[in-house]
Amino acid sequence: MKIYQNSNEPIYKQIASQLRDQILSGKLKGGDALPSIRALAADLKISVITTMKAYEELASEGLVTSSQGKGYFVNAQDMRLLAEQHLRRVEENLTEAIRSAKIAGMSLDEVQETLSALWALDAG
Amino acid sequence: MENAVEIKELTKKYKDFMLDVSAVIPKGFASALIGANGAGKTTLIDTLCGVTAKTGGEAVYFGNMTDTDDDVLRNRIGYCSATNFFPFDWKLKTIAECMAIGYDSFDRARFTELCGRWSLGSPDDKKQKNIMKMSDGNRMRAALAAVLARDTDLLVLDEPASSLDPLARDQLCEMFREYLAAKDGERTILFSTHNIADMEFATDYAIFMAHGKVVEQGFVEDLKDKYILVHGEAQDGKKARPLMLSYTVNNTSFEGIALADNSANLQAVGAVTERPTLQQLSVGILRKAEEDAGK
């Protein structure tokens, strides 16, 4: 896991986002245990509460569940839910792109062209 | 969440100083007592550990224990004062022998290992320095090694970082995390500091003290959501000031903290808002406490 300690993005968000990627991509599977909060804090050289906040964020999204006294476990991912999660991230990132496009004064057509070109580039 | 210690209106009266504290120390975390010199951090720690007698109120440890003279409780708490912990003519060997007599769970092998890790020498060496001849930092390391060589549930450390060099402070943070991780969720640390920057990544819960009282407390991540760091150009300061809790200004810029609820309003008057670091939060909260005290 990579943590930027001097980034604008809070450390707990960085941790949550990396674990989320691992869960959504299937690297972490349903039933897998997350590292213990205090062990991960020690490994990443950050405070316990920061790690805990990251786990709580994932729990609030329904990606993991806390089991009293045993730690956090990855939930079996419902395929529909998973697709929804992916869609939400696509929407988030596109919204961000639209914002930038408007600042740059690009038209919808231009943005769509750029998207098609990038899509082709990635597929190739 | 469970608390390792619940402090209920604990008071200690001196001629010219009054400590009056209600606070919790959450179980399983590292809590920092943050405050200026003279805020009452050491008085609180000494009262909690039974070094000084309280005037009133009570502290409840581990859910049901209140008597710091009780042998069971004494064995569960590892206390380390800021200065003069051991008599100066003691050596590492004397520390090891006395700790073994004084506490049930003192592990001499672990003490030797920690002394080695911090390059203090070994309590088994033929020739040993008197503690008096050690540097301040090494004296603190020796005291920390002694307290960490016991199997405790709560560490109470008064200014453990202040005499340490940057590398040793980093080791101290690491040691905190190891201690907490070793019995996942069962162990608790309380330490005081007047310089939180070095301990930021080892602090879970913060208790801010000023003039003998607690002025704010909470989990660090919650406090970082509750407050924002605000700064901007000096000319916008006048409009921002009424929305801020602490405020300083110079020729070019102003700075301070505010409640996160005011974020949008502050941005509207041209201020920049950020999620604060614990250090920035501490400066803001303690500055506000000083301003309030001056009123």
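Predicted model: local features only at pLDDT ≥ 70, side-chain atom pairs only at ≥ 80, totals over all residues.
1. Chain A, composition and order. Five helices and two strands make up the secondary structure of chain A.

2. Chain A, overall dimensions. With a radius of gyration of 18 Å, well over the 14 Å given by the globule rule for 124 residues, chain A is more spread out than a compact globule. Along the principal axes, its C-alpha atoms occupy a box of roughly 55 × 35 × 25 Å.

3. Chain A, domains. The domain assignment divides chain A into domain 1, covering residues 11-74, and domain 2, covering residues 79-123. Taken over C-alpha atoms, the centres of domain 1 and domain 2 of chain A are separated by 28 Å.

4. Chain A, burial and contacts. Of the 124 residues in chain A, 25% are buried. Where contacts in chain A join residues at least 6 apart in sequence, 53% of them link residues at least 24 apart.

5. Chain B, composition and overall dimensions. Chain B contains ten helices and 13 strands. Its radius of gyration is 21 Å, close to the 19 Å that the globule rule gives for 295 residues, so chain B is as compact as a globular protein of that length. The box filled by the C-alpha atoms of chain B, taken along the principal axes, is roughly 70 × 40 × 40 Å.

6. Chain B, burial and contacts. Buried residues account for 45% of the 295 residues in chain B. For contacts in chain B between residues at least 6 apart in sequence, the share that joins residues at least 24 apart is 68%.

7. Helix H3 of chain B. This helix spans residues 92-102, and B:Leu92, B:Ile95, B:Ala96 and B:Met99 are buried in it. Viewed down the axis of H3(B), the buried residues lie within an arc of 100°, so they line one face of the helix.

8. A four-stranded sheet in chain B. Four strands of chain B form an open sheet in the order S11-S12-S10-S13, with antiparallel pairing. Strand S11 (248-249) and strand S13 (272-274) of chain B are the edge strands, each pairing on one side only. The antiparallel pairing of S11(B) with strand S12 (residues 253-259) of chain B extends over two bridges. In this part of the sheet, B:Val249 is placed opposite B:Phe254 of S12(B).

9. The contact between the chains. On the chain B side, 15 residues are in contact with 14 residues of chain A. Helix H6 (166-182) and helix H7 (220-226) of chain B are the elements that give two or more residues to the side of chain B that touches chain A. H6(B) gives the most to this side, with four residues. By residue class, the side of chain B that touches chain A comprises eight nonpolar, one polar and six charged residues.

Notes
Residues numbered from 1 in each chain as written. Chains lettered and ligands numbered in written order. Contact = placed C-beta atoms within 7 Å. Nonpolar A, V, L, I, M, F, W, Y, C, P; charged D, E, K, R; others polar. Rg over C-alpha atoms; globule rule 2.2 N^0.38 Å. Buried ≥ 20, exposed ≤ 12 C-beta atoms within 10 Å, placed from the backbone. Domains from an automatic or database assignment. Arc of directions from axis to C-beta. Pairing = 2+ DSSP bridges.
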